[in-house]
Amino acid sequence: MKRVIPVLVLSVAGLIPVWRYEPSTGTTSTTEAASTPSVSSSSGSSGASGSSTFTGSTVGTEKGDVQVQITYDADKITAVKMLKQPNHPQTTAAVPKLIAETLTAQSADIDTVSGATITSDGYKESLQAAIDAQAAAATATPSASASEAATASQTVAGSTVATEKGDVQVQITYDADKITAVKMLKQPNHPQTTAAVPKLIAETLTAQSADIDTVSGATITSDGYKESLQAAIEAKGA
């Protein structure tokens, strides 16, 4: 019995290397470093929500095409990327300097890199085009807000009031709670009415109500005007 135990121990010890052995699959995995130098630089997260990317024009130079893309976060340039650039050692060395200066200056008013004048000039031209595109987009934004404000206006027509001279009907336009425009939809075809209407409208815009004076010589039209105007004001408040 004493001889059996050593034999078992040796057998188990002999199996341990087998259990720990992992057969090779015959393949290897390596990570290769990119041989192309990076030509983009960023400060902050250019992929954050609210950022916008603008591409400049392609500028042809003696060395090759140059095209710049910039990313804005609010009104700040946070990243610059070269989409096209000459395949030349001096260009490769100049690009990081141009990008760094752009991020500092926040404009195309940057120095030309010595030894890469042609590329620098093309870079600045394309960069300025991208900046102009951002400025145009920023200018277009307020117009959308103005359009939304316009849709907030409300136009209301008063009732048609029959008078001895003819029908009178007034239409008013509100911007928020202010009367900003008055239009006669119907009015008597009479010289005194024609002369009175501008006065009635001017008084309405000043008083912001139907509590206005009667125009001398056009009492009938004035009364009809005020009645229709009051109806329009009440319709707006309804």
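In helix 4 of this predicted model, the buried residues are Thr 193, Ala 196, Val 197, Leu 200, Ile 201 and Thr 204. An α-helix has 3.6 residues a turn, so residues three or four places apart point the same way. What do the buried residues of helix 4 pack against? Their partners are strand 9, residues 178-186, and helix 5, residues 219-237.

The geometry of helix 4 can be checked against expectation. The helix covers residues 191-207, and its 17 residues should span 24 Å at 1.5 Å a residue. The C-alpha atoms at its ends are 25 Å apart, which agrees.

Let me continue past the end of the helix. Just after helix 4 comes Gln 208, with a positive phi of about 60 degrees, although this residue is not a glycine. Most residues other than glycine have a negative phi, and most peptide bonds are trans. Gln 208 belongs to the loop between helix 4 and helix 5, and at 28% relative accessibility it counts as partly exposed.

A second residue with this feature is Ala 74, which is not a glycine either and has a positive phi of about 65 degrees. Where does Ala 74 lie? It is in the loop between strand 4, residues 65-73, and strand 5, residues 76-84. With a relative accessible area of 57%, Ala 74 is exposed.

I turn now to a charged residue. Lys 124 is situated in helix 3, residues 117-151. Lys 124 is buried, yet it has no salt bridge. How far away is the nearest side chain of opposite charge? That side chain, Asp 121, is 4.3 Å away, and a salt bridge would require a distance within 4 Å. Leaving aside residues up to four places away in sequence, Lys 124 touches Ala 108, Ile 110, Asp 111 and Thr 112.

Finally, the whole chain. Its secondary structure consists of five helices and nine strands, in the order α-β-β-β-β-β-α-α-β-β-β-β-α-α from the N terminus. Of its 238 residues, 31% count as buried. Among contacts with a separation of 6 or more, 45% join residues 24 or more positions apart. The chain exposes about 14700 Å², of which carbon and sulfur atoms supply 52%.

Notes:
Residues numbered from 1 in each chain as written. Predicted model: local features only at pLDDT ≥ 70, side-chain atom pairs only at ≥ 80, totals over all residues. Heavy atoms only, no water. Helix = DSSP H or I, 4+ residues; strand = E, 2+ residues; numbered from the N terminus. Expected span 1.5 Å × (residues − 1). Buried < 20%, exposed > 50% of the residue type's maximum accessible area, 1.4 Å probe, protein only. Contact = heavy atoms within 4.5 Å. Lys, Arg positive; Asp, Glu negative; His and termini not counted. Areas by Shrake-Rupley, 256 points an atom, 1.4 Å probe, with all protein chains shown as cover.
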